[in-house]
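Please keep the structure in view while working through the points.

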Amino acid sequence: MDSRITVEVNGIKIDLPKGATLGDAIQASDAPYREGNSVGILKRSDIEQDENLIEYRIMTTAGEFMIELFTKDSPSRKRWTEKFEEYRNIPLRWSSRDAIAFGPFVSDMAQKRGAGIYREYQVLFAAAGGDSHNTHLIISKDKHSAEYGAPEEGAFGKIVSGKSVLDNLGKKDSIIGIQPVTSWRQTGEHVITTDRATILKDGEKVFTYLHVVMSPESPLGAEHFFALIRTGSFKVDMVSSSFISNHTLIGELPPYENYEPRSRGTVFLRTVGYGAGKAFISTDDRTASILHSVVGHVDLGMELVKMAEAGHKLLVNTTPPRIMLHGKSFQEAETELAMFGVKLNREGDTADEALIVSQEPDTTIEILREGTVRATGVDGSKILSIELYDDTAPITMDFFRHAIGLQFRPIGVLPLVMMYENTYIFKAEKPAEKYKEILPENTPKKKVIAGEIGVTNQAAKRMGMVGVKTKDDDLFGPTGEKFISTNIIGRILDMEKLQHFKEGDKIYVIERNREGTHGQ
């Protein structure tokens, strides 16, 4: 009796003892994983047949991409499914603005004379000069017309993920492997779980994360997505037949930057109208939309995306990772930027230990494009550390983070608008109260403790005001309102710093109890 099993973790086969758990597989494979995120398990199916396989992962020396075969039967489709293993280790023959070609190799293909019209990311065979001994695998990069010596049926498939790899391929690159990808929609057996004690069986496939390549055409949209996954996870708020979506930043209006088809694996944002600020990942092909801006593409982990259900969190890695210097010291920032080959120019307080409160350019893509970033530092005494009560005031937390910028950066800004007796009153620059609710929650009962942060809720006219008291108070909340009109959302951890500020000052606050931002 066999005492070992073989499973795949993110496409890599590993051997484990019989009875091994999901946790054992993650540890043995050193797979990307974070506690609380969901992991997909594709079950083995005894009825699965090779002809049902329509997706293939193509590994090259410059990265990997995935193709999907067209459903229509054709000689080219049959040639691929029967002989794809023969196309391993073939070099890149040529590359142009419109297409790339791998080869040559021998085939039995009959070509059609004349030019053909090819759409972006289509895959086809072509016999250069009509010589079947000089056959190539052609991948179209853009819509164009050309005479490649293609067969009558033309293309037999399309690229569905990893499209950015095509631009990275050079003369020295080649195909190093081709692997058919099992679709869970075909087998119908899958599990998505956070339980690492789940027992695995022989032949099962595990998916722990998805990888997103950010679009260089969407620098601001990429930052919106980075903010959404700042804890490293994409929380699934909704699942439909064609996408999964996250609603964390609904109400925040990302700019429209990138018009392109929303093919499977595309990451895009709603930019206007109802639901603006939502982020989506396509699970089916859709046309381009003037309402949705494309910010990236999933090139690994689509299996996990397709298994996802509402309420699950999916671990996300990105290329490039986010460059967010806010809250870091200049010394820390220079160490991080050195890995990207980016030069740091210091402004403001330029001491090594000074903390950064702004950066220019403000986006990761622009920083990498320019190769330099200008950052402003301040002394740590000018930054307040705060602890926020997510469990007791989640609705007000959503408003507060949107209003002062903590949804997008580790450091927020709170202008000090009024001081009297033992009370400090702040008003955020962004009027988030216009699109965020501030329902009464966690209102004081008998006393407000010095240092507690209060927000005026919708029961009073001055909703959205933020306040803190330097002494305990059993009559009024931190904003000077009655207890019923005050939501307690957290506390300032270093109250002694308040004495250094005056009315009109912009006070920087940094959240000390929240999980670190993704990619930092």
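1. Two strands are said to pair if DSSP finds at least two bridges between them. Helices (H or I, at least four residues) and strands (E, at least two) are DSSP runs, numbered from the N terminus.

2. The model is predicted, so that local features need pLDDT of at least 70 and side-chain atom pairs count only at pLDDT 80 or more, while totals for chains, interfaces and linings use all residues. Residues are numbered from 1 along each chain as its sequence is written, and side-chain values use heavy atoms, with hydrogens and water left out.

3. The protein chain contains nine helices and 33 strands. Its C-alpha atoms fill a box of roughly 90 × 55 × 40 Å along the principal axes. Of the 520 residues, 53% are buried, where buried means under 20% relative accessible area with a 1.4 Å probe, protein chains only.

4. Strand β16 covers residues 209–214, and six of its six residues are buried. The side chains of a regular strand alternate between the two faces of the sheet. In β16, Y209, H211 and V213 point one way, whereas L210, V212 and M214 point the other way.

5. Which strands pair with β16? Strand β22 (residues 292–300) pairs with β16 in the antiparallel sense, over four bridges; here H297 of β22 stands opposite V213.

How values were computed:
Buried < 20%, exposed > 50% of the residue type's maximum accessible area, 1.4 Å probe, protein only.
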